[in-house]
Amino acid sequence: MPASRRDLLAFALASLAPTLPAAAQGWRPQRTIRMIVPYAPGGGADTTARLLAGPMSVALGQTVVVENRGGAGGSIGAGEVARSAPDGYTVMLDALGFVATPSLLPRLPFNYATAFTPVTQVTVLPQIMLAPRNAPYSTLAEFIDYAKKHPNSLTYGSSGNATAAHLASVLLLRRAGLTLEHSPYRGGGPALQDLLGGSLAFVFGTVSSSTQLVRDGQVKALGVTTASRISALPDLPTIAEQGFPGYELNEWNGFYVPAATPEPIVNSLHAAVIEALRHEDVRARLATMGAEAVGSSPAVFSTFVTQQRDVMGKLIREAGIKAD
């Protein structure tokens, strides 16, 4: 979405100015801070949280410990944070599920829109549309033409219902006027394996998992989900520039605290995240994941979250997507 690019610009501008240590922003934590990741260990959100935890601990002068609380589309861990005291000692790093889960599980005992204060968007993770190397199409236009000539015969895969990969697929298919069977997998790896085997028409994969496969000719890249081309594959056109203006649907991670957390605490935590994102080793590790550091202000991120919730909610409802 366009706001993500504004976020990147905001971070670039902010990074030019010197900053005080996070503890000098007005809040000094006195004990360990728990960073809840509402997913199982090993995923992108978990890896990002663990990259941030060390530098944030230094900036804040207290240990930041990552705790995984997975289940129910992230709502179990999010619920724990929503019920926590707004004192800065329980925080959360969540992914796109933060804006998708409310539409999939409407009867949750808390409201995602009011239970949290957004602090900053941490990263944006582009996705690449991939096709088998032996597919009879090599461009997005050729795929659409082929799909229209072969109705009810193609299946696409994703890393699961209402994941970024699934929603990116649904958005494209709806805009192209196509209907394909969806095969959800438990993660992007198994879906990619079946694509390599030629049993799927396409999948959306992460930059980290896809780039080398594209360079080696093991898969075909048909487009990227960002508004601008990516440095890893600069010759790969965006989906937007291939006849779908405004198309953009990426995975992303954000940092949150419980609602009613005092502003000095929010500011100190925000400063600590920004300091962490400035570390060269953190940015290098994120780059290996295909992630771009963002570091937006609380106000910009709050607007972005509201926009994303509206867009994802509408897409989920109109497409009739259900929770697994």
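First, the ground rules. Residues are numbered from 1 along each chain as its sequence is written, and side-chain values use heavy atoms, with hydrogens and water left out. Because the model is predicted, local features need pLDDT of at least 70 and side-chain atom pairs count only at pLDDT 80 or more, while totals for chains, interfaces and linings use all residues.

Let's start inside. A nonpolar core here is a set of buried Ala, Val, Leu, Ile, Met, Phe, Trp, Tyr and Cys residues joined through side-chain atoms within 4.5 Å. Buried means under 20% relative accessible area, exposed means over 50%, and partly exposed is in between, with a 1.4 Å probe and protein chains only. The largest core has 53 residues. Those touching the most other members are F116, F143, L167, L180, F202, F204 and Y247. Several elements each supply at least two residues, including α3 (75-82), β5 (127-132) and α11 (298-319). Helices (H or I, at least four residues) and strands (E, at least two) are DSSP runs, numbered from the N terminus. Which element gives the largest share? That is α6, with nine residues. There is also another core, lying apart, of 35 residues, with A45, A49, L52 and L269 among them.

Now zoom in on F204. Contact means heavy atoms within 4.5 Å. Beyond its neighbours within four places in sequence, F204 is in contact with residues including Q127, I128, A165, L172, I239 and Y247.

Next, helix α4. Six of its eight residues are buried. They are G97, F98, V99, A100, T101 and L104. Their cover includes α3, β3 (90-94), β4 (116-125), α6, β10 and α11.

On to H270. It sits in helix α9 (residues 263-278). Is H270 buried or exposed? Buried, at a relative accessible area of 17%. Its side chain reaches the backbone oxygen of S296 at 2.9 Å. Leaving out residues up to four places away in sequence, H270 touches V119, T120, G295, S296, S297 and P298.

S208 is another case. This serine is in helix α8 (residues 207-215). A polar contact of 3.3 Å joins its side chain to that of T206. Such a contact is a pair of N or O atoms within 3.5 Å; within protein, one must be able to donate a hydrogen and the other to accept it, and residues adjacent in sequence count only if both atoms are side-chain atoms. The S208 side chain also reaches the backbone oxygen of M289 at 3.3 Å. Outside four places in sequence, S208 is in contact with T288, M289 and G290.

G290 comes up again in the second largest pocket. It is one of the lining residues closest to the centre, with S231, A287, A291 and E292. The lining has 13 residues in total. Helix α10 gives the most, three residues.

Last, two backbone angles. Most residues other than glycine have a negative phi. A72 has a positive one, near 55 degrees. A72 lies in the loop between β2 (64-68) and α3, and is partly exposed at 42%. Phi of A162 is positive too, near 65 degrees. A162 is in the loop between β6 (155-158) and α6. This alanine is buried, at 9%.

Definitions and conventions
On a 1 Å grid over the protein atoms alone, a cavity is a set of points where a 1.4 Å probe fits but cannot get out, and a pocket is an open set with protein on both sides within 12 Å along at least five of seven lines; lining residues have an atom within 4 Å of a point.
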